[in-house]
Amino acid sequence: MTILCVRFQLPPMYEAALPQLLGLLEEFTPVVEALPPDGALADLRGAERYFGRDAVELASVIRVRALALYGVDCVTGAGPGPMLARMALRDARQGLTGVVPEGEEREFLAGKPVAALPGVGTATARTLCEYGLDTLGRVATAPLSTLQRLVGVRAGRELHEKAQGVDRGRVVPNGVSRSLAADRPFDRDELDPGRHRRALLSAAEELGTRLRAVDKVCRTLTLTVRYADRSATTRSRTLSEPTAHSAALTRTAYDMYEALGLQRARVRSIALRAEGLAPAEQASHQLTFDPVDEKVRRIEEVADRARAKFGPRAVMPGSLAA
């Protein structure tokens, strides 16, 4: 068990605290990969030898330090590789590390549904289940040629290996997420365009807040609309300039939504994703003499300071729409 997957229990929109927590992990190993907004992978091979403790014992030390120094609890999973550590995290309980012991990978995976394997989407899982391959144990014992006929040559080989517990992934140091997403599901299939737009406004303001919290700007905004029949429409647009300005993100989201020309569409959820992230200090901003825009930017700054001081609910998404 050399790889640790950690999920810090951070409040929403608090990615700004993640760099400090990553620094805590880097006290044990330099091989740390960020998994924004609230997680990380750490390769503890060197740390186990240096500290004379295994990954589970080190996970306990990390949890205690995170609580003592930052008041943040965490849940951890440990395994021989990144994929297995992630899956162990799903089985972890508060205060206990989920573990995949080395040499017991196949036993750990055998009874899990095929959809539990990272990289297996809904369509692939449905295809496999139609042929009785509904658990990873059955996939592991299925002939490789059968899997390749069902899902393709390369995907079939990777699926066969992963189901047998072969984890070829690695932890990439300093890996930084290149996107942030905000999803807005509806309680029921929604026909009202007004509620669609309110969901877009809320998602765009959340993305703007999260981008500013980590001093990032985005170059591209992607809109995904999912419908009642499980189909989806995705549109992307490159922004005129990289930004973390909520108003600019909202305008772009509205434009993409209007371009879809939805008429009486039964929408199940709306999601926005900010892509092509870059440091805000490297981005240029076109000066404007629009007093309304400047006022909104000043209000954003005040709202961000209020969130940093009083918590993420100090200013709720959508409250700056006026």
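At what angle do the axes of helix H1 (residues 18-26) and helix H3 (residues 55-70) cross? In this predicted model, the two axes cross at roughly 140 degrees and come within 11 Å. H1 is therefore oblique to H3, since only angles over 145 degrees count as roughly antiparallel. The crossing of the two helices is right-handed.

The contact between these helices is formed on the H1 side by Gln20, Leu21, Leu24 and Leu25, which meet Ile62, Arg65, Ala66, Leu69 and Tyr70 of H3. By class, the residues of this contact comprise seven nonpolar, one polar and one charged.

The strands of the model were examined next. Five strands form an open sheet with mixed pairing, arranged in the order E2-E3-E1-E4-E5. Strand E2 (32-35) and strand E5 (98-99) are the edge strands, each pairing on one side only. In general, strands of a sheet pair through backbone hydrogen bonds, in either a parallel or an antiparallel manner. Strand E1 (residues 3-8) and strand E4 (residues 74-79) run antiparallel and are joined by six bridges. Within this pair, isoleucine 3 stands opposite glycine 79 in E4.

Helix H3 also packs on the sheet, where it touches E1, E4 and E5. The direction of H3 makes about 25 degrees with that of E1.

Technical notes:
Residues numbered from 1 in each chain as written. Predicted model: local features only at pLDDT ≥ 70, side-chain atom pairs only at ≥ 80, totals over all residues. Heavy atoms only, no water. Axes fitted to C-alpha atoms, helices over the stretch in contact; angles between N-to-C directions. Helix = DSSP H or I, 4+ residues; strand = E, 2+ residues; numbered from the N terminus. Parallel < 35°, antiparallel > 145°, perpendicular 65-115°, else oblique. Left-handed = near helix turned anticlockwise from the far one by under 90°. Contact = heavy atoms within 4.5 Å. Nonpolar A, V, L, I, M, F, W, Y, C, P; charged D, E, K, R; others polar. Pairing = 2+ DSSP bridges.
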